[in-house]
Amino acid sequence: MDHPNTSNTSLWKSPEVDELSRDVNPEFLRSGGHDVEGLSYVSDAPFVIVDLVNFRNIAVDVEDRSTWIQAGASLGQVYYRIAEKSKTLGFPAGFCPTVGVGGHFSGGGLGALVRKYGLSADQVIDARIVNVDGKILNKETMGKDLYWAIRGGGAANFGVILSWKVKLVTVPPIVTAATIDRTLEQGATDLVHKWQFIADRVHQDLYLAIIFTVANGSQASWEKTVKAQFIILLMWDLHKVDLRIKVL
């Protein structure tokens, strides 16, 4: 992937951008648009969004086991491009395919491979960022403090991330995944209680998480109830392993 020349600041410090920046405040950054708190879209004053949606190049290097990913790419696009090149390489990141990597990686990046490979930010090995002076910096030129901060501290606090270089991790060609729903009436409370005592002790190849939502109760009452959804990812192909699992 070609990266902008670090000495070329015309794109980021043009007279038009400077004038707009003086007249409009604040300025927000967006890569995928998945802002739960709506901070990229809500303001008491006129504002500018720097939208990186067209920065979506993904360059997978199987031999080097690494990938350069521009900040506007989505997680789904990243997974797809990696799978095109290799069935045994992957990357630890989130579930939602439309989340943009710019914010996801800079916020840490939690996903189903976290127990074995950690967060997305743990696999970042280089980055390109535009600082307040319009200079494009990499890992070496930005300094160790800024490089540390953008991997978990929210990169928009420090500049505009253009791209990330990440390490790829080893994954099996076939995995086992499942979701199991239980409401309070179906014994969710007891299952969640038991889960708390095993969640930190299961094998690192097993991801077992819970999401709580509001759901309709029995048809007899139509009252609302709580549903616990157990999300399971096992880094094994059960058809090739002599394993018996009693599922919840």
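Mentor: With burial: a residue is buried under 20% relative accessible area, exposed over 50%, and partly exposed in between (1.4 Å probe, protein chains only). Bear in mind that this is a predicted model, where local features need pLDDT of at least 70 and side-chain atom pairs count only at pLDDT 80 or more, while totals for chains, interfaces and linings use all residues. Residues are numbered from 1 along each chain as its sequence is written, and side-chain values use heavy atoms, with hydrogens and water left out.

Trainee: Okay, is S31 buried or exposed?

Mentor: S31 has a relative accessible area of 14%, so we call S31 buried. Look for S31 in the loop between β1 (27-30) and β2 (48-51). Those labels come from DSSP runs, numbered from the N terminus: helices are H or I of at least four residues, strands are E of at least two.

Trainee: Which backbone atom lies 3.3 Å from a polar atom of the S31 side chain?

Mentor: The backbone nitrogen of G103. For a polar contact, you want a pair of N or O atoms within 3.5 Å, one able to donate a hydrogen and the other to accept it within protein; residues adjacent in sequence count only if both atoms are side-chain atoms. G103 shows up again with S106: the backbone oxygen of G103 is 3.1 Å from a polar atom of the S106 side chain. S106 sits in helix α3 (residues 101-106), and S106 counts as buried because its relative accessibility is 4%.

Trainee: Now the charged pairs. How many salt bridges does the structure hold?

Mentor: There are 6, each being a side-chain nitrogen of Lys or Arg within 4 Å of a carboxyl oxygen of Asp or Glu. Take R81 and E84, whose side chains meet at 2.9 Å, N to O. Both belong to helix α2 (residues 75-85), 3 residues apart, which is about one turn of the helix. R81 is partly exposed at 37% relative accessibility, and E84 is partly exposed too, at 46%.

Trainee: Which parts does the D205 and K116 pair tie together?

Mentor: First the bridge: the side chains of D205 and K116 meet at 2.9 Å, N to O. D205 is in the loop between α7 (188-198) and β11 (206-216) and K116 is in helix α4 (residues 114-117), so the pair links parts 89 residues apart in sequence. D205 is buried at 9% relative accessibility, whereas K116 is partly exposed at 31%.

Trainee: And what does D181 bridge to?

Mentor: To K227, with the closest N and O atoms 3.8 Å apart. D181 lies in strand β10 (residues 176-183) and K227 in strand β12, so this pair ties together parts 46 residues apart in sequence. Both ends are partly exposed: D181 has 32% relative accessibility and K227 has 23%. As for the extent of β12, the strand spans residues 224-234.

Trainee: Last one: which residues line the largest cavity?

Mentor: A cavity is a set of points, on a 1 Å grid over the protein atoms alone, where a 1.4 Å probe fits but cannot get out; lining residues have an atom within 4 Å of a point. Here the lining is A112, L113, R115, K116, Q204, D205, L206, Y207, L233 and M235. Elements α4 and β11 each supply at least two of the lining residues.

Key: On a 1 Å grid over the protein atoms alone, a cavity is a set of points where a 1.4 Å probe fits but cannot get out, and a pocket is an open set with protein on both sides within 12 Å along at least five of seven lines; lining residues have an atom within 4 Å of a point.
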